[in-house]
Structures are given as structure tokens and as C-alpha cells.
Amino acid sequence: MSTSKARKKWDDAARGFDFMNSRGPERRWGPLKREFFAPMQGKVFFLAVGTGLDIQFFPPQQDVVGIDFSPRMLERAQPRAAAYDGQIELRDMDAQHLDFADDTFDQAYTSCTFCSVPDPVQGLRELRRVLKPGGTLRMFEHTGSRWFPFNVMLQMMNPIARKFGPDITRDTPANVREAGFQDVRVRNVYLDIVRMIEAA
Amino acid sequence: MERRPYFIFGDVISSVLAGAAVGAVMAALISVAWPMPAAMLAGMFLGMALCIPIQTACSLLFGAFEVMVPMMLTSMLAGMVVAMRASMLEMPVGEGALWGVCIGLPILAFTYAANAMLAGEGR
């Protein structure tokens, strides 16, 4: 899928995004996300901010730059960023072509992002470029499964899922390695489908 | 492993709903006039299609993948098994629903067991 089509899909999804995600999924993952974002420090990059639902889980007093390639999502994220007890700058930007100098950020965070970036390895290479040497990438992502019957079911569901939202079969840990990250650690949150990934 | 009663209750309700709905519809739709292989195939795909709106509603309240995975597996298997059974013997709708529930709950238990096995592990 081209970037412009992907942008339009997420612009269209922005209106119902909070309705779909703010109760069940966010309440279920809330404690884990709080733990996931807890190590924030230094100059932090958050890709992609969406409607800003995750901002509630950020520790206070952080200096964060959040991007998204959907202007409609960013519009909805703005009040949440303004209410945050710290600094969040929101920018309209494509993950595959980041408008930042090399070695800008101490940490990068993603949350259910690389299921939707059209070229995930290119996006991850860009993340690696803007991270300072020794900087860490932390990801809360859903991926494909390597276990039967979950892998078969996700493959069967994927054409419908991709039409309305994310790809549900990606091997994001492999993409992280392919993008050049060396020390990649994975922790399963739900089966081997919802996972926390840390890389440097 | 999920320990919060609200979400455990939600997982159970979601699987029961998916199994009962798919089982009932398959029992209503499939008759002994269907060849068994066609009935099983139709049951699997129709079950999945029928489950999508139910799963969307349950996800709003109880979570994303934790709800979707057992519900979709339930709908595929319940659709297939109930359709197969209904193609062999006439099956009342209520019995189809019961079969669906009896398939959905063990599948939920299986996903909980698989999750306990895989939790924390990674590659």
C-alpha cells in the first residue's frame, strides 16, 4: 500500500479510533503500557502518536516529540498533548522519511505502529538514524505468530484487517534486526502476538 | 496471565457469544441436503464472517487480540463442526448454539494455556 493510501486510511479511521480503542484495549493494556513507558528519559521520540491515547501512560515531566502521518489523528491528539504534565511537540511526518538530523534522540518509542508503516524496514532504519549512539528503541507492537493455529488464523484474517487497519502478520522483531539494530530483546505480552521489543 | 475478573468475564462471555451465535446460524442454515465437505467449508468461512461484528462489539469492552484470537478460532471451528454435524442429521438451532458454546469454552481455555506457556518468552 502506498503512503498516500495509508495516510487516507488512517485519516478516515481517526474519527472512530478513540471509540474503538479507548475502553477495552487501552484498559486491558493500560498497566503494561504504563510499565512500558516508565523508563522514558532524555530527548524522546514517539512514533506514531495517533490520537494520543498513549499520552496518559507517559511518566510526567518528559521532553517528547511525537509524529504521525495522519493530520486527522494529530488534530485529535492535540488536546491530550496540551494536557500532559511535561513537553510534547506534535509534528505531521512520515516515519519512512524523518525530518530530523542524525543522532537527535536518546530514546524512541512506538506503540502499535509498525503494523501500519507501509515499508517497516525503511521506517526502522530511519528510527535508527535519528537515535543517538547507544540510544534505545522500545516498541509495544502486535505481530504475526509462529504457532499453529494462531498463525493460520491471522493469515486468514489479514486481508480484512489490512483493508480497515493494520497488517496483523508482520514479523516486527525480524524487521528490527534487518534495519540494523543489534541487541534485540522480545517479551511476549499476549501469546507471541502482542509483544514488547527493546533494541539498541 | 489475565487475573482481572472483568476481563476474564469478558473473555468467557465473548467466547460463549461467538460459539452460540455461529452454532445457531449454522444449524439453521445447513441441512442434510448439503454435501459434508461443502458444509464444513461454508461453516468455517461463514462462521468467521458472522463473528466479525460480534468480535468488534466485544473488543470495544474487553480488549483487542485477547478477545479476537479465541473468538475467531471458536467461530472457525464451531462453524465447521456444527455445519458438518447438521449436514449429517437435522439439528435444532438451540442444539447448534450449545455445540458452539461447548467448542468455544475449551478454545478459550486453550488460548489461556498457550498464553501462559508463551508469556515472557521471545525471539
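Modeller: A crossing is left-handed if the near helix is turned anticlockwise from the far one by less than a right angle, and right-handed if clockwise. This is a predicted model, in which local features need pLDDT of at least 70, side-chain atom pairs count only at pLDDT 80 or more, and totals for chains, interfaces and linings use all residues. Residues are numbered from 1 along each chain as its sequence is written, while chains are lettered from A and ligands numbered from 1 in the order in which they are written.

Biologist: Which order do the elements of chain B follow from the N terminus on?

Modeller: Chain B has 4 helices and 0 strands (DSSP runs: H or I of at least four residues, E of at least two, numbered from the N terminus). From the N terminus on, the order is α-α-α-α.

Biologist: What is the handedness of the crossing of α1(B) and α3(B)?

Modeller: The axes of α1 (residues 5–29) of chain B and α3(B) come within 8 Å and cross at roughly 25° (lines fitted to C-alpha atoms over the stretch in contact; angles from 0 to 180 degrees between N-to-C directions). Therefore α1(B) is roughly parallel to α3(B) (under 35 degrees). Their crossing is right-handed.

Biologist: Which element gives the largest share of the side of chain B that touches chain A?

Modeller: On chain B, 21 residues are in contact with 21 residues of chain A (C-beta atoms, placed from the backbone, within 7 Å). Elements giving two or more residues to this side of chain B are α2 (36–62), α3 (65–88) and α4 (93–118). The largest share, 6 residues, comes from α3(B).

Notes
Contact = placed C-beta atoms within 7 Å. Parallel < 35°, antiparallel > 145°, perpendicular 65-115°, else oblique.
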